[in-house]
Amino acid sequence: MAPEGVAELRDWLFLLMLCLTLLAEVLEVAAATGYDEEEDLVCPSVCRCDEDFIYCNDRGLSSIPPLPPSATVLYLQNNHIDNAGLPTSLERHLTVRVVYLYDNELDDFPMHLPPSLRELHLQDNNIRTLPRSTLARMPLLEKLHLDDNSVSTVSIEDKAFVDNPRLRLLFLSRNHLSSIPSGLPASLEELRLDDNRISTIPTHAFRGLSSLRRLVLDGNLLANQRIADDTFSRLSNLTELSLVRNSLLTPPLNLPSAHLQRLSLQDNALIHMPRGSLDGMRRLQRLDLSGNNLTTLPRGLFKDLDSLGQLLVRGNPWHCGCNLRWLHDWLHARGNSITVRGLTCQAPEKVRDMTLKDLTSQMEECEVTGVVSAGAGAGATGSGTRDRVGGVGGVAASSTTLSPPQGSLFTLRSKRPGLGLPDSGLDYTLGSSGVGKSLALNVKPLAHDSIRVTWSVAQPTSSFRLSWLRLGTSAAMGSITETLVRGDRREYLLTSLQPRSSYIICMVPLAASSGGKGAMAGGDSDSDEAPVCAKAETSDPSQPDVGQEDNQDSEHMATLPLAGIIGGATVIVSLALIFAIFCWYGHRAGRLSSRDQYSRGSSRKSKHYDDYIESGTKKDTTILEIRGPGFQMTPMVTHQPPKPLREDYIIHTIFPSNGTGLYKGAHQVSNAGYGTNRGYRERGIPDIDYCYT
């Protein structure tokens, strides 16, 4: 190549490099300027931008301002944003992961939200509906908070969450739900439905929720009769179940036991913890039974609770007799591995306000006597105890059923050989009362699920054994329940009975055992007397309770005599008061009249020595007032006759109404130096106050 061509090529390459360098500089300057302008444009002045976190909360906003394209977390809570304030451009921000929109003015579920959303907070709004089409716009949603809104069961569209396969957490607390929402996604791990109006849980309520680990149903209207038997058994992976503030009498049946770690049953109406209700819960770490009506716990209730670390039982009327000897021993065996709160005795009076764990000396006096109770068709063994702790023996009875008990907590669900109840398969002519050798029994249905039992005895006894049998379709199907009643009681209320059912109720007095070191007041033995039985039938729930109406009528009739007595007493008191006022007024008027007459007579009688009264002069020990002309100026002493003396007097003149002089009468004083006209001003008023007589 020629030298001229090489030089020309070198020049062209130099120019090309120079142009490329200038272009790079221009692009860099333009990019820097454009970035600054864009940043100033997308971060609103009312908000604060911290990298990809946008803080627009508590600003009083009514709409969402333009946002930076790199935003990932939006804080928009505590504003006045309504549905019209959500711009359509919001769904184009594909980097947004979390949005806080709680405590705003949203009436409907917000639209135009980014499809990349993972977590959405919508608490404290007024959202009423959950449409499937809106939820389908967020297929990646994992956490949805809808607490404190107005969502009802019918306002949740069918299969509303079918397009949210990643939803793991759903909060619907404090809404208007009356049942468990249907169509919940199988991926759900935590569900909160507390403080709603849920009263019924059917069998299929939690179908398909095998991943659910935490379920909160506090503050609803749940009762044992409205929860299906196998409702919770489907939740095989459940680790926490909370049923606080409901109306449960016993724990629900078939609770999941494989993975359950926390069970909260406080503030219900629990009266019984059936044996076997906590079986298999080997991973349970916290059990809360506070605020119920439990007096005892059956033996063996905690046999599988090896991992239990917290037992909370405050607010229960614990009866610390020999019936809780097993629990006392179990707590001492666990030692410091378990924390117990609230296991304080309320009865007997001897151990009131003492903790069960401190009753070692009292529990050593309990003597196990071994009582075997055989059931109809199945053997059931139990253990009885003689109780020296409180004077009332507790029967720790075995139970082969988990249904709610009737009567007290010391119940037997199996037939006792020595009871001698009538055969339930025969037609007995039992009435509502029965009379035995030393006991008279009377029964009366009060409601569709309760019967009142009253009795009287000829001689005192330590206790009674009360038994009742529900008549089934056959004799083999009937089940006997019995309880021990203190000897000082004369009535008992059977509750939680089956409506429209016939019951045979029997009672027998128990004779106190006589001696031995281990004998206690509660250790009663059966007497030879045959049981006294009566028959009663519970009413239909759809019909009004006759017993309650009778009680209301009797109470109403009982109030009538009381009202009459109160009214009569009021009338009598009013008349007496009026009569007393008239008497007082008449007595006062008569006294004044007699006083006036007496003053007039006395004035006449004193005329012989009080001569100047007729002249209009009024006597006083300090002031002498002149009422008219003609007077005798004589000093007077009370109750003494007048004696003429020569004295000096100060005369306080009283001006008459007509303005005439006081000394211009017919009788004028003639004295040299003191004439009648001397010392007078105009109109006859004297100007000298001293005169002599």
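Leucine 20 sits in helix α1, which covers residues 3-42 (helices are DSSP runs of H or I with at least four residues, strands are runs of E with at least two, and both are numbered from the N terminus). This is a predicted model, so to speak of local features a pLDDT of at least 70 is needed, side-chain atom pairs count only at pLDDT 80 or more, and totals for chains, interfaces and linings use all residues. Residues are numbered from 1 along each chain as its sequence is written, and side-chain values use heavy atoms, with hydrogens and water left out.

Back to leucine 20: with a relative accessible area of 49%, leucine 20 is partly exposed (buried is under 20%, exposed is over 50%, and partly exposed is in between, with a 1.4 Å probe and protein chains only). Together with Leu9, Leu13, Leu16 and Met17, Leu20 makes a nonpolar surface patch of about 510 Å². Patch members have over 30% relative accessible area and no salt bridge; like charges are joined within 9 Å, and nonpolar side chains (Val, Leu, Ile, Met, Phe, Trp, Tyr) within 5 Å. The areas come from the Shrake-Rupley method with a 1.4 Å probe, and for residues only the protein chains shown count as cover.

Now for the inside. The largest nonpolar core has 92 residues, and Leu217, Phe232 and Phe302 touch the most other members. Helix α3 (residues 325-334) gives the most to this core, with four residues. A core here is a set of buried Ala, Val, Leu, Ile, Met, Phe, Trp, Tyr and Cys residues joined through side-chain atoms within 4.5 Å. In soluble globular proteins, nonpolar side chains tend to be buried together.

What does phenylalanine 302 touch, not counting residues up to four places away in sequence? The list is Leu278, Leu287, Leu297, Leu311, Trp326, Leu327 and Trp330, where contact means heavy atoms within 4.5 Å. There is also a second, separate core of 19 residues, with Val443, Val453, Phe464 and Ala534 among them.

## Disulfides

Searching the whole structure turns up four disulfides (pairs of cysteine sulfur atoms within 2.5 Å). One of them joins cysteine 43 to cysteine 49, with the sulfur atoms 2.0 Å apart. The torsion about that S-S bond is about 115°, so the disulfide of cysteine 43 and cysteine 49 is right-handed. Both ends are partly exposed: cysteine 43 has a relative accessible area of 24%, and cysteine 49 is at 28%.

Another disulfide links cysteine 47 and cysteine 56, S to S 1.9 Å. That link of cysteine 47 and cysteine 56 is right-handed too, with 115° about the S-S bond, but here cysteine 47 and cysteine 56 are buried.

Further along, cysteine 506 and cysteine 533 form a disulfide with their sulfur atoms 1.9 Å apart, and with 110° about the S-S bond, this link is right-handed. The pair links distant parts of the chain, 27 residues apart: cysteine 506 belongs to strand β27 (residues 502-512) and cysteine 533 to strand β29 (residues 532-537). Cysteine 506 is buried at 1% relative accessibility, and cysteine 533 is buried at 12%.

## Salt bridges

The whole structure holds 19 salt bridges, each a side-chain nitrogen of Lys or Arg within 4 Å of a carboxyl oxygen of Asp or Glu. One of them brings together arginine 168 and glutamate 142 at 3.4 Å, N to O. Arginine 168 lies in the loop between β6 (143-145) and β7 (169-171), and glutamate 142 in the loop between α2 (132-135) and β6, so the pair ties together parts that are 26 residues apart in sequence. Arginine 168 is partly exposed at 30% relative accessible area, and glutamate 142 is partly exposed at 23%.

Aspartate 194 takes part in two salt bridges worth a look. With arginine 174, the closest N and O atoms are 3.8 Å apart. This pair links distant parts of the chain, 20 residues apart, with aspartate 194 in the loop between β8 (190-192) and β9 (214-216) and arginine 174 in the loop between β7 and β8. With arginine 192, the N to O distance is 3.3 Å. Aspartate 194 is buried at 3% relative accessibility and arginine 192 is buried as well, whereas arginine 174 is partly exposed at 36%. Asp148, Arg174, Arg192 and Asp194 are linked in a network of salt bridges.
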